[in-house]
Amino acid sequence: MNTDNNVLNKIKGKLVVSCQALPEEPLHSPFIMGRMAYAAYLGGASGIRANSVEDIKEIKTTVDLPIIGIIKSVYDGSDVFITPTMKEVDELYREGVDIIAMDATDRVRPDGTTISELFPRLREAYPDQIFMADCSTYEEALKAVELGFDCIGTTLSGYTEATRGKILPDFEMVEKLVNTISKPIIAEGGVSTPEELKKMFDLGVYSSVVGSAITRPMEITQRFMKAIQ
Ligand SMILES: CC(=O)N[C@H](C=O)[C@@H](O)[C@H](O)[C@H](O)COP(=O)(O)O
């Protein structure tokens, strides 16, 4: 399996900034996400996490950084929405992203499969593609390693039935992963201060993704407002 370790090396020990805004979010716009990515680059980010082919295409025009690409797609009857099926993976592969990230929870996907059934097909179709597993639990991460994902994210901790209500960022899951799994661990989800980011690297993560605390001004404003209400 030819995973371009150069790409993974480029984010080793570094910050990846997630630049995303869904249609219902105020900053929803490929142009704005492209500028967000450029600002993150100027600020020192070494990678960008982005959602949708449109945003990824625009971000490629503003920065020359490794991209972790996803397609968020909601299907009736399934809670899996981050790169849920082969269709989204095909679209991301056709566009070309350094890393394809996808839901690797143990939940049933919109096409009725599980990650254990889907991933072997993906690996066979795209042997040269680096894949990131967006997990919510330690057990899902172990399964993702067994399946052959190239790196593991804690992205969905707190967002599944099994982890609802978890305090984020999930330092406990990160600590367990870095101490037992040899694959690169990417801390993602709820990292909201420089101190929390530093703690993730002190725990030994390979890389970390910060999104809302940098690129979602509405949420950032709400956090400030909470402090004075
Ligand atoms: C649950 C979900 O859809 N998470 C998404 C995954 O791509 C993004 O919306 C997050 O912003 C990203 O994971 C970074 O996390 P945070 O924004 O907490 O730094």
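Helices (H or I, at least four residues) and strands (E, at least two) are DSSP runs, numbered from the N terminus. The structure is a predicted model, in which local features need pLDDT of at least 70 and side-chain atom pairs count only at pLDDT 80 or more, while totals for chains, interfaces and linings use all residues. Residues are numbered from 1 along each chain as its sequence is written, and side-chain values use heavy atoms, with hydrogens and water left out.

The protein chain holds 10 helices and 8 strands. Its radius of gyration, taken over C-alpha atoms, is 16 Å. The C-alpha trace spans about 50 × 40 × 35 Å along its principal axes. Buried here means under 20% relative accessible area, exposed means over 50%, and partly exposed is in between (1.4 Å probe, protein chains only). By that scale, 52% of the 229 residues count as buried. Contacts (heavy atoms within 4.5 Å) were also counted by separation along the sequence. Of those with a separation of 6 or more, 58% come from residues 24 or more positions apart.

The surface and the charges were examined next. Accessible areas come from the Shrake-Rupley method with a 1.4 Å probe; for residues, only the protein chains shown count as cover. The protein chain exposes about 10800 Å², and carbon and sulfur atoms supply 54% of that area. There are 24 positive and 34 negative side chains. Lys and Arg count as positive and Asp and Glu as negative, whereas His and the chain ends are not counted. Each charge is placed at NZ of Lys, CZ of Arg, CG of Asp or CD of Glu. The centres of the positive and negative sets lie 3 Å apart.

Salt bridges were then searched for across the whole structure, and 13 were found. A salt bridge is a side-chain nitrogen of Lys or Arg within 4 Å of a carboxyl oxygen of Asp or Glu. One of them pairs Arg-49 with Glu-188, the closest N and O atoms being 3.0 Å apart. Arg-49 lies in strand 2 (residues 47–51) and Glu-188 in strand 7 (residues 185–188), so this pair ties together parts that are 139 residues apart in sequence. Arg-49 is buried, at 1% relative accessible area. Glu-188 is buried too, at 8%. A network of salt bridges links Arg-49, Asp-134 and Glu-188.

A further salt bridge joins Lys-57 to Glu-95, with the closest N and O atoms 2.5 Å apart. Distant parts of the chain are linked by this pair: Lys-57 is in helix 3 (residues 53–62), Glu-95 is in helix 4 (residues 86–95), and 38 residues separate them. Lys-57 is partly exposed, at 48% relative accessibility. Glu-95 is buried, at 15%. Arg-164 and Glu-161 also form a salt bridge, their closest N and O atoms being 3.0 Å apart. Both Arg-164 and Glu-161 are exposed.

Helix 3 also has an inward side to describe. Its buried residues are Val-53, Asp-55, Ile-56, Ile-59 and Thr-62. These residues pack against strand 1 (15–19), helix 2 (30–43), strand 2, strand 3 (67–70) and helix 4.

Ser-52 lies in the loop between strand 2 and helix 3. Its phi is positive, at about 90 degrees, although Ser-52 is not a glycine. Ser-52 counts as buried, at 15% relative accessibility. Thr-83 sits in the loop between strand 3 and helix 4. Phi of Thr-83 is near 45 degrees, a positive value in a residue other than glycine. At 0% relative accessibility, Thr-83 is buried. The loop between strand 3 and helix 4 also holds Asp-76. Asp-76 is exposed, at 80% relative accessibility. Asp-76 and His-28 are 48 residues apart in sequence, and their C-alpha atoms are 23 Å apart in space. Finally, the peptide bond from Leu-168 to Pro-169 is cis, with omega near 0 degrees. Pro-169 is placed in the loop between strand 6 (151–153) and helix 7 (171–180).

Notes:
Rg over C-alpha atoms; globule rule 2.2 N^0.38 Å.
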